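Please open the structure in your viewer and keep the sequence panel beside it. The stops below are arranged so that each one tells you what to select and then what is found there.

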Amino acid sequence: MKKITLLIAGLALIFSYSCKEVNKEAKEGMEEVEASGEEMKKEIQEEVNVETIKFAMEPKSDSNVKGDVTFTEADGKVMMVASLSGLTEGEHAIHIHEKADCSSADGKSTGGHWNPTFQPHAKWGAAEGYHKGDIGNFTADAEGNATVNFATEEWCIGCEDDTKNIVGKAVIVHQGVDDFTSQPSGAAGKRVSCTGIIQ
């Protein structure tokens with residue numbers, strides 16, 4: 001009986017020691033997994049390198065057109081999303097202009113279209129050339145609301161390439177439609193909303 005008791009006590013001791021070793025190894029394994037996960041998360045954030053800037057659009061030329069515009073850069077591409085209200089129903093032009101200066105009542109303080117490569121005005125992607133600010137036209141609904149989505153690899157936010165960097169420029173919404181032909185700006189009419197892109 002005494003031998004059986006000693007045997008059970010010995011087995012219990014061995015089992016207890018084994019469990020402690022397993023728990024220790026499991027804990028160390030979990031710490032390694034957590035450390036790897038944090039490192040991987042950090043690497044992914046560094047690789048993606050997303051940058052976002054957002055600005056309010058202000059009415060110009062006695063209009064009520066306002067809203068906001070957001071630029072997001074990721075993986076070498078810039079996405080622009082503009083949400084607008086107070087428009088007349090139908091088509092309107094939207095462009096990037098050369099100066100981030102919305103101080104004048106008519107929006108003309110922003111200068112002409114942003115055209116760092118000195119191309120003729122045209123529809124975006126035209127074979128004969130186009131301005132880097134020639135975004136194009138969009139349609140407002142019956143309530144005067146519109147959302148503009150545009151993405152390109154030909155822009156950047158704050159990079160050193162002056163032919164791509166949109167910082168220091170302005171977004172202008174026009175009263176009319178860009179005809180993609182008239183020089184130098186598509187005969188799109190009054191500038192009814194403006195925001196300067198300042199990082």
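Before the first selection, one cut-off is needed: a residue is called exposed when its relative accessible area is over 50%, buried when that value is under 20%, and partly exposed in between. Please also keep in mind that what you are looking at is a predicted model.

Begin with Asp75, which sits in the loop between strand E2 (66-74) and strand E3 (77-85). Its relative accessibility is 65%, so Asp75 counts as exposed. If you inspect the backbone here, you will find that Asp75, although not a glycine, has a positive phi of about 55°.

Next, select Phe118, in the loop that runs between strand E4 (90-97) and strand E5 (136-140). Phe118 is another non-glycine residue with a positive phi, again about 55°. Is this phenylalanine, Phe118, buried or exposed? Because its relative accessibility is 74%, Phe118 counts as exposed.

Now step back and colour the whole chain by secondary structure. The protein chain contains one helix and eight strands, and from the N terminus on their order is α-β-β-β-β-β-β-β-β. Of the 199 residues in the chain, 35% are buried, while the chain as a whole exposes about 11800 Å², of which carbon and sulfur atoms supply 54%. If you display contacts between residues at least 6 apart in sequence, 60% of them join residues at least 24 apart.

For the next stop, show the side chains of Phe71, Trp124, Tyr130, Phe150 and Trp155, which together form one aromatic cluster. A search of the whole structure finds five aromatic pairs, and one of them, between Phe150 and Trp155, is tilted, with 5.2 Å from centre to centre and 40° between the planes. Both partners of this pair can then be checked for accessibility: Phe150, at 13% relative accessibility, counts as buried, and Trp155 is buried as well, with a relative accessible area of 0%.

What is the geometry of the bond from Gln183 to Pro184? The bond is cis, with omega near 5°.

Terms used:
Residues numbered from 1 in each chain as written. Predicted model: local features only at pLDDT ≥ 70, side-chain atom pairs only at ≥ 80, totals over all residues. Heavy atoms only, no water. Helix = DSSP H or I, 4+ residues; strand = E, 2+ residues; numbered from the N terminus. Buried < 20%, exposed > 50% of the residue type's maximum accessible area, 1.4 Å probe, protein only. Contact = heavy atoms within 4.5 Å. Areas by Shrake-Rupley, 256 points an atom, 1.4 Å probe, with all protein chains shown as cover. Phe/Tyr/Trp six-rings, centres within 6.5 Å; stacked < 30°, edge-to-face > 60°.
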